[in-house]
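Subject: Structure for you to look through

Hello,

Here is the structure I said I would pass on. Please open it and keep it beside you while you read the notes below.

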Amino acid sequence: MSQTTTSSSDRYGVLVGNNNMPSSRYFSDASSVRDDLSAILAREIDEEEANFNVEMPEELAEIKADIERNWRVVESTEPGNMVVKLFRKEAGIGGAKVMIQFNCQDREDEELDEGQGMDELASGVRFEAVLTKAGRGLVFSCFTIDAEVHVESVSLRAADEIDAEDDGTFYRGPEMHELEGDLQQALGDFIREEYDLDADFAAFLSMYADYKEQMEYMNW
């Protein structure tokens, strides 16, 4: 008894509708476009499946194991959700709870150095470092560049508003560039040094975001 298999082109052919099209010239041209799209999609799937290893890269796995000594890494169970959270295992100053959250697609492109090729360009990651205590949250909006953590702004929020969308209705605090230089430096040093947001941490965010984005792309 023969077994029927479904190719990549068949799978996407159904989506783009290249079957049973009318025979008019207009719709024949449209069908040709859909056939082309179906073939390109099938090629893309085959190439990604051939080149992508679902196993976490060894370097990333090692950095993740080191990060997890101090942080608990949590992903959403919702398919396609790109938000990752890290919870500090030890309380911060004054017993504050410390959390890092980032969206793997919220990237910060780094500038090319002279002589650096596009394939050498690493993308930084935007993230929030949140310190909560007594129903209030101190939120550091940060990004990574050149394996370093930089602070963009600092704001105060109610603890139950940390995950809410910011529609800009309320004053959230000053932009870093509006503050005196020494205060900018002190705030940056505090969040980096107090919670070990060092080069390994910045590398982990970037590499983990790349890995998760590729995993979701394959599922998509």
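The side chains of R69 and D66 form a salt bridge, with 3.1 Å from N to O. A salt bridge here is a side-chain nitrogen of Lys or Arg within 4 Å of a carboxyl oxygen of Asp or Glu. R69 is exposed at 63% relative accessible area, while D66 is partly exposed at 33%. These words have cut-offs: buried is under 20% relative accessible area, exposed is over 50%, and partly exposed is in between, with a 1.4 Å probe and protein chains only.

Before going on, note that this is a predicted model, in which local features need pLDDT of at least 70 and side-chain atom pairs count only at pLDDT 80 or more, while totals for chains, interfaces and linings use all residues. Residues are numbered from 1 along each chain as its sequence is written, and side-chain values use heavy atoms, with hydrogens and water left out.

Other salt bridges

How many salt bridges does a search of the whole structure find? The count is nine. One of them joins E213 and R107, at 3.7 Å from N to O. E213 belongs to helix α5 (residues 199–219) and R107 to strand β3 (residues 97–109), so this pair ties together parts that are 106 residues apart in sequence. Helices (H or I, at least four residues) and strands (E, at least two) are DSSP runs, numbered from the N terminus. E213 is partly exposed, at 29%, whereas R107 is buried, at 19%. Salt bridges also link R107, D210 and E213 into a network.

D189 and R192 form another salt bridge, at 3.0 Å from N to O. Both residues lie in helix α4 (residues 181–194), three residues apart, which is about one turn of the helix. Each is partly exposed: D189 has a relative accessibility of 25%, and R192 has 23%.

Aromatic pairs

Rings of Phe, Tyr and Trp (its six-membered ring) pair if their centres lie within 6.5 Å; planes under 30 degrees apart count as stacked, over 60 as edge-to-face, and the rest as tilted. By this rule there are five aromatic pairs. Among them is W71 with F201, a tilted pair at 6.0 Å centre to centre and 45° between the planes. W71 sits in strand β1 (residues 71–75) and F201 in helix α5, so the pair ties together parts that are 130 residues apart in sequence. W71 is buried at 2% relative accessible area, and F201 is buried at 0%.

F204 and Y208 have ring centres 5.2 Å apart and planes at 35°, so this pair is tilted. The two residues are four apart in helix α5, about one helical turn. F204 is buried at 0%, as is Y208 at 4%. Ring pairs also link W71, F127 and F201 into a cluster.

Most residues other than glycine have a negative phi. D146 lies in the loop between β5 and β6 (148–158) and is exposed, at 54%.

Regards
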